[in-house]
Amino acid sequence: MGNSKSSGTKGSFPSVQDFRYVNGRRYHSESDTPYILSSDLEEIDRQQLQHYCCKHIFRSNVSAPVEQKLIEGSKVLDVGCGTGIWVLELSTEYLMSEFIGVDMSPVFPIQIKPLNSTFIKANVLHGLPFSSDEFDYVHLSFMNGCFTDDQWQNIVIPELIRVLKPGGWLELYDVDVFTHKGGPLINRLTASVQQRISSVGLNSRAPNLYKQWVSSHSCLRDIEEIVFYPYVGEWKGYVVDGDDDNMDLNGKENIKSRYDVGLGILLKEMFKLFYITESENLSQFAGVSKEEYLEMVEECFEREMPEYDSRVKFMRVIEPILYLVT
């Protein structure tokens with residue numbers, strides 16, 4: 001890690017060395033990084049849809065109170081930027097700020113992008129190629145299934161903190177693998193995902209520990225966790241009470257204000273696409289053929305989840321850094 005800048009690939013086109021191919025799908029080539037999802041067009045499409053779902057759920061790309069700083073001019077880092085859509089949207093909106101996205105798989109834009117945005121190939125596990133105390137705001141999203149608990153606590157979070165300025169903000173957000181009010185089919189599908197993640201030594205419920213992990217750093221205070229449970233699919237019921245025996249809700253108003261037909265359908269398509277594109281791997285953990293797995297997915301999302309009023313947990317953890325870590 002260290003405190004000095006290291007080299008990163010900036011503005012270069014992806015090469016064959018950046019990826020490996022398994023069963024016709026494209027994956028990252030970092031041998032020491034246990035990230036399990038692919039980097040091909042199917043997964044890129046799903047990530048784009050995931051971005052818009054999360055933006056709609058939280059009503060914004062940003063939950064940290066940094067808008068005025070972004071208007072005036074700040075330096076922002078997105079770790080694990082993927083396609084770069086978060087950076088592209090914010091750099092277009094906040095022209096006085098500088099936005100940098102890093103990812104170990106160069107699926108981000110190389111040439112056609114706003115002038116105040118930059119993308120660099122870099123792996124946070126090898127240390128971010130930036131000096132300490134460099135960024136006003138550091139963002140990381142949807143990185144569940146990327147790092148072990150030990151890597152999160154001893155490499156990733158300390159590295160995010162290292163590059164933050166005193167008074168800067170750190171924001172993490174993700175979605176829980178577990179489905180609330182799920183029926184037997186979605187529970188079986190979810191179990192296959194959990195087993196797949198666990199098979200490479202990762203914790204499928206890691207996002208639920210983000211707040212605990214960042215709380216262990218004395219430079220972070222006033223940590224806030226924002227949680228919503230949007231419905232998946234076309235919601236058949238009505239929320240009349242905030243109490244629910246099956247889960248810990250974040251208040252009934254969150255449920256009401258975060259459901260509409262469009263969002264429910266988008267979430268259904270996004271999660272369904274995940275299970276379809278990952279069916280080759282996940283069917284093995286479910287103990288069925290790929291064809292049988294796909295039939296389960298179809299039945300689950302078209303019938304079971306609307307019937308059960310199934311929901312998923314989206315969360316954002318935001319915290320200010322009070323002083324520089326040396």
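This note goes through a predicted model point by point, from confidence to local geometry.

1. Basis. The model is predicted: local features need pLDDT of at least 70, side-chain atom pairs count only at pLDDT 80 or more, and totals for chains, interfaces and linings use all residues. Residues are numbered from 1 along each chain as its sequence is written, and side-chain values use heavy atoms, with hydrogens and water left out.

2. Confidence. Mean pLDDT (the predictor's confidence in each residue, from 0 to 100) is 83 for the protein, and 79% of the residues reach 70 or more. A contact here means heavy atoms within 4.5 Å. Where pLDDT is low, the predicted coordinates should not be read in detail.

3. Overall make-up. The secondary structure comes to 10 helices and 10 strands. These are DSSP runs numbered from the N terminus, with helices being H or I of at least four residues and strands E of at least two. Of the 326 residues, 57% are buried; buried means under 20% relative accessible area, exposed over 50%, and partly exposed in between (1.4 Å probe, protein chains only). Among contacts between residues at least 6 apart in sequence, 76% join residues at least 24 apart.

4. Nonpolar cores. A nonpolar core is a set of buried Ala, Val, Leu, Ile, Met, Phe, Trp, Tyr and Cys residues joined through side-chain atoms within 4.5 Å. The largest has 52 residues, of which L189, L267, F271, Y275, F301 and F314 touch the most other members. A second, separate core has 34 residues, including I100, V124, F147 and V156. Leaving aside neighbours within four places in sequence, F301 is in contact with I186, L189, V232, K268, F271, K272, Y275 and P306. In soluble globular proteins, nonpolar side chains tend to be buried together.

5. Helix α1. This helix (residues 41–58) has 18 residues and spans 26 Å from first to last C-alpha, close to the expected 26 Å. The expected span is 1.5 Å times one less than the number of residues. Among its buried residues are E43, R46 and Q47, along with I44, L49 and F58. Just after α1, R59 takes a positive phi of about 65°.

6. Salt bridges. The whole structure holds 14 salt bridges, each being a side-chain nitrogen of Lys or Arg within 4 Å of a carboxyl oxygen of Asp or Glu. E89 and K55 form one of them at 3.0 Å, N to O. E89 lies in helix α3 (residues 85–93) and K55 in helix α1, so this pair ties together parts that are 34 residues apart in sequence. E89 counts as buried at 19% relative accessibility, while K55 is partly exposed at 30%.

7. R303 and E299 meet in a salt bridge at 2.2 Å, N to O. Both lie in helix α10 (residues 290–308), four residues apart, about one turn of the helix. R303 is partly exposed at 37% relative accessibility, and E299 is partly exposed at 35%. K268, E269, K272, E298 and E302 are linked in a network of salt bridges. In the K268 to E269 pair the N to O distance is 4.0 Å; K268 is buried at 12% and E269 partly exposed at 36%.

8. E319, in strand β10 (residues 311–320), is buried yet has no salt bridge. The nearest side chain of opposite charge is K211, 8.8 Å away. Beyond four places in sequence, the contacts of E319 include W169, E171, L172, V214 and R221.

9. Backbone. Most residues other than glycine have a negative phi, and most peptide bonds are trans. D133, in the loop between β6 (117–121) and β7 (135–141), has a positive phi of about 60° and is partly exposed at 32%. D309 is in the loop between α10 and β10, with phi near 55°; D309 is buried at 15% relative accessibility.

Conventions. Lys, Arg positive; Asp, Glu negative; His and termini not counted.
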